[in-house]
Amino acid sequence: MAVTAVVVNYKTERLVGQLIRHLYAFPEIRSIIVVDNSGAIDLAEKRAGPKNIELIRNSANLGFAKGVNQGLKHVETDWVLVINPDVRLDNACLRHLLDAANTYDAVLTGPRFYWDDDYLFRLPPSTGDFMGMYGALNAASHFEIDAKLADFYWQIRHERFWAATEPFFEPFLSGACLLVQMPWILAKGGVLFDERFFLYYEDTDLCAQALLNDESPICVPAAKAIHYYNQSPAPPQTKMAAINKSGEQFYEKYYSHYRVQTIHGPPSRPLQIEDLGKQKTPPRFGFGKDCDCGYAYFEIALNSLFVPFIQCDLASDDFCLPETVWQRLAPGTYYSRVRNPQKNQNRIWKWEKVNA
């Protein structure tokens, strides 16, 4: 079963070069199509490698959705792998994705993601979006009981996602790594993503369209991938503006008869949080006996609701982010907690990573 990989670059040239060399090792991949939205890639030396590589260079940034659709016009295989420059696949990942897609006749199939090369930090399922989530997060930003219940809902989703051992239906898959049936794309007119979404929400919209057409996105537990996450050079305020704009477009598309105002910025909750201030080196989170953790998780998030969160197991009574993870972490504000899954005991910290 031959696969074509489609990669969109925007100022991630170093990562693209590394990804191409990484994809050389997968016999299922026949060719690699790179859509360069920053016009800065030179693949001359890569074209002598073991895979057919095609470069599409754009004079301007066309956005992720349009870039992928542009690359699809050059695909000649029955399967296409949409993959971000900051994603790396486990050796058997693609084989497991293909096996599950064929077994379940799934048009959209995706892996589970880890944050680090050692497979210690579990990334969350793709959050997606819908009116119920909007209402829950809006209420959670004002009322503590809603914050606790929104957190509980997300814990259930996260635990279900990581407890599965067989391929399972997951309503929203991440566009960072997505195996797609090319005949299904051709039946849709040769377009995978709605190009109204310049950046962000294109995968949420795609999965919503699949659900409305009774197609079930499938997540494959045996398919492991690493997503270094947030390696684009754009500043956080630019990314948040793009997320808000795409979110408004999503609600306009599916809920046009409702007046919905997107929450600008990450939601917050009315809760006492330990503020560690600015950090130039990885902070150490000591919780000791007062936390009464027993078996516990360390979790990190971009908002105090912890919807969603990245998670790892705790093996001692204090914790520090590994240096490799810290170096990839973009400057900005983060929230961390230690959580006992039985007693739902939390200790929460807020901190800001700054450049040394």
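Of the protein's 356 residues, 53% count as buried. The model is a predicted one. Nine helices and 16 strands are found in the protein. Its accessible surface is about 16400 Å², and carbon and sulfur atoms account for 52% of that. Take the contacts between residues at least 6 apart in sequence: 77% of them join residues at least 24 apart.

Now to the loop between β4 (79-83) and β5 (87-89), where N84 is placed. Is N84 buried or exposed? N84 has a relative accessibility of 18%. Buried means under 20%, so N84 counts as buried. Which residues does N84 touch, once residues up to four places away in sequence are not counted? They are L19, F64, G175, A176 and H227. One of these, L19, lies 65 residues from N84 along the chain, and the C-alpha atoms of the two are separated by 8.7 Å.

T109 belongs to strand β6, which covers residues 108-114. The relative accessibility of T109 is 0%, so T109 counts as buried. Neighbours within four places in sequence are again left aside for its contacts. T109 is then in contact with L97, A100 and A101, with L173, C177, L178 and L179, and with I218 and V220.

To sum up, N84 is a buried residue at 18% relative accessibility, placed in a loop, while T109 is a buried residue at 0%, placed in a strand.

How values were computed
Residues numbered from 1 in each chain as written. Predicted model: local features only at pLDDT ≥ 70, side-chain atom pairs only at ≥ 80, totals over all residues. Heavy atoms only, no water. Helix = DSSP H or I, 4+ residues; strand = E, 2+ residues; numbered from the N terminus. Buried < 20%, exposed > 50% of the residue type's maximum accessible area, 1.4 Å probe, protein only. Contact = heavy atoms within 4.5 Å. Areas by Shrake-Rupley, 256 points an atom, 1.4 Å probe, with all protein chains shown as cover.
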